[in-house]
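I opened the model to go through its helices and salt bridges. These are my notes, in the order I looked things up.

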Amino acid sequence: MTAKTDIKNREDIKMLVELFYRKVIIDPLIGVIFNDVLVFRWDSHIPVMVDFWESVLLGASAYKGNTMRAHIGLDKKHPLGPEHFERWKKLFFETLDEHFAGDVALEAKRKVELMEVLMQTKIAQSRNPNFIQ
């Protein structure tokens with residue numbers, strides 16, 4: 001077996017994202033969101049997620065989206081609860097642990113932990129009728 005290396009470049013991030021989403025789309029809890037609610041399109045979603053994670057982990061500037069707005073909008077179509085974020089985190093951590101080891105992989109886990117809390121907080125706030133985005 002090959003020793004795991006750290007996340008070093010866009011190709012590593014692309015591999016991480018693709019392997020993660022292969023798990024997501026077949027997951028009984030969150031796969032439904034991607035397959036039925038979002039009508040997940042591999043060719044359009046994956047490049048955006050690669051841009052996002054490359055920005056988060058390697059300081060690139062390709063990502064131009066608004067993840068918070070996207071998730072608040074998704075929550076209006078399919079309410080997102082703690083169990084959805086927990087599953088997302090579990091699958092992401094699993095994918096990281098299966099393929100990578102090092103400081104950037106650890107930083108990815110820290111970022112996911114922060115995103116989980118922030119997303120849930122902002123989504124809960126967005127459910128308030130006085131919420132201003």
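Is Val 32 buried, partly exposed or exposed? I find Val 32 partly exposed, because its relative accessible area is 35% (buried means under 20%, exposed over 50%, partly exposed in between, with a 1.4 Å probe and protein chains only).

I note the basis before going on: this is a predicted model, where local features need pLDDT of at least 70 and side-chain atom pairs count only at pLDDT 80 or more, while totals for chains, interfaces and linings use all residues. Residues are numbered from 1 along each chain as its sequence is written, and side-chain values use heavy atoms, with hydrogens and water left out.

Entry on Val 32. I place Val 32 in helix α2 (helices are DSSP runs of H or I with at least four residues, numbered from the N terminus). Leaving aside neighbours within four places in sequence, I see Val 32 in contact with Asp 27 and Val 37 (contact means heavy atoms within 4.5 Å). Val 32 and His 78 are 46 residues apart in sequence, and their C-alpha atoms are 9.8 Å apart.

Entry on α3. I read 17 residues for helix α3, residues 42–58, and 23 Å from its first C-alpha to its last, close to the expected 24 Å (1.5 Å times one less than the number of residues). Its buried residues include Ile 46, Phe 52, Trp 53 and Leu 57. The buried residues of α3 pack against α1, α4, α5 and α6. Glu 54 is also in α3, and I count Glu 54 as buried because its relative accessibility is 14%. Not counting residues up to four places away in sequence, Glu 54 touches Arg 10, Ile 13, Gly 59 and Ala 60. Gly 59 follows α3 and has a positive phi, near 75 degrees.

Entry on salt bridges. I get a count of 15 salt bridges (a side-chain nitrogen of Lys or Arg within 4 Å of a carboxyl oxygen of Asp or Glu). Arg 127 pairs with Asp 75, with the closest N and O atoms 2.5 Å apart. This pair links distant parts of the chain, 52 residues apart: Arg 127 is in the segment after α6 and Asp 75 in helix α4. Asp 75 is buried at 6% relative accessibility, whereas Arg 127 is partly exposed at 48%.

I then checked Lys 89. Lys 89 forms a salt bridge with Glu 113 at 3.3 Å, N to O. Lys 89 also forms one with Glu 116, the closest N and O atoms being 3.0 Å apart. Glu 116 lies in α6 and Lys 89 in α5, so this pair ties together parts 27 residues apart in sequence. Both Glu 116 and Lys 89 are buried.

Note on methods
Helices (H or I, at least four residues) and strands (E, at least two) are DSSP runs, numbered from the N terminus.
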